[in-house]
Amino acid sequence: MSECIIDVDYGDEEFDLKTSMVVSEKDKWCCECERIIRAGEEHERAVFLNYGDEEEPYTAYEYATCVQCVEIRDVFFDGFIFTELWSDLDNSDCLARGEFTIAQLDRLSPEAVALLMEFIPAMFEE
Ligand SMILES: [Zn+2]
């Protein structure tokens, strides 16, 4: 069985991405699973700069991603688009068809596996 690696093609868009793990000072929504990241919880803060033209040199976006979604993204994605993690996982079908390796699941925390079970239950059906 081969690994399930999703590589989203975003064309020749020019962008800059800075990510860091931070502790939230107030409640936030995870941009992927939409669960609440509580104040005091660690999560990823990403600042995404999308380069445009002279009139509008860039657009900046900020995303908060919970630790579990970051883990899942790291294991299953090569290229990704913020906020589309779960729909891309769903649409890729490789997870639902069982086309992933146990080694991939082994790299996830029990909490991240629980999230996969919740969002893509077909992965765990016999
Ligand atoms: Zn999340």
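**Close-up views of a predicted model**

View 1. When residues up to four places away in sequence are left aside, E42 touches M21, V23 and V67. The pair E42 and V67 is separated by 25 residues in sequence, yet the C-alpha to C-alpha distance is 6.9 Å.

**View 2. Residue M21 in strand β2.** Strand β2 comprises residues 15-23, and M21 is found in this strand. M21 is exposed, since 11 other C-beta atoms lie within 10 Å. Residues up to four places away in sequence not being counted, the contacts of M21 are with E42 and E44. M21 and A46 stand 25 residues apart along the chain, and their C-alpha atoms are separated by 8.7 Å.

**View 3. The whole protein, as a setting for the close-ups.** The protein contains 4 helices and 7 strands. Read from the N terminus, the order of these elements is β-β-β-β-β-β-α-β-α-α-α. The C-alpha trace spans about 55 × 35 × 20 Å along its principal axes. Of the 126 residues in the protein, 17% are buried.

**View 4. The packing of helix α1 against helix α4.** Two packed helices are described by the angle between their axes and by the distance between the axes. Helix α1 (residues 67-76) packs with helix α4 (residues 110-119) at an angle of about 80°, and their axes are 9 Å apart. Helix α1 is therefore roughly perpendicular to helix α4. On the side of α1 the contact is made by Q68, E71 and I72, and on the side of α4 by E111, A112, L115 and L116. By type, the residues of this contact between α1 and α4 comprise 4 nonpolar, 1 polar and 2 charged.

**View 5. The two sides of helix α4.** Residues A112, L115 and L116 are the buried residues of α4. Viewed down the axis of α4, these buried residues fall within an arc of 100°, so they line one face of the helix. An α-helix has 3.6 residues a turn, so residues three or four places apart point the same way. The face of α4 turned away from the buried side carries the exposed residues P110, E111, A114, M117 and E118. Helix α1 is included in what covers the buried residues of α4.

**View 6. The largest nonpolar core and residue F76.** The largest nonpolar core has 17 residues, of which C30, C69, I72 and F76 touch the most other members. Two or more residues of this core come from each of the elements α1, α2 (85-92) and α4. The element that gives the most to this core is α1, with 5 residues. F76 touches C4, I5, I6, L89 and Q104, residues up to four places away in sequence not being counted.

Note on methods. Residues are numbered from 1 along each chain as its sequence is written. This is a predicted model: local features need pLDDT of at least 70, side-chain atom pairs count only at pLDDT 80 or more; totals for chains, interfaces and linings use all residues. Two residues are in contact if their C-beta atoms, placed from the backbone, lie within 7 Å. Axes are lines fitted to C-alpha atoms, for helices over the stretch in contact, and angles run from 0 to 180 degrees between N-to-C directions. Angles under 35 degrees count as roughly parallel, over 145 as roughly antiparallel, 65 to 115 as roughly perpendicular and the rest as oblique. Ala, Val, Leu, Ile, Met, Phe, Trp, Tyr, Cys and Pro count as nonpolar, Asp, Glu, Lys and Arg as charged, and the others, Gly among them, as polar. A nonpolar core is a set of buried Ala, Val, Leu, Ile, Met, Phe, Trp, Tyr and Cys residues joined through C-beta atoms within 7 Å. A residue is buried if 20 or more other C-beta atoms lie within 10 Å of its own, exposed if 12 or fewer, and partly exposed in between; C-beta atoms are placed from the backbone. The arc is that of the directions from the helix axis to the C-beta atoms.
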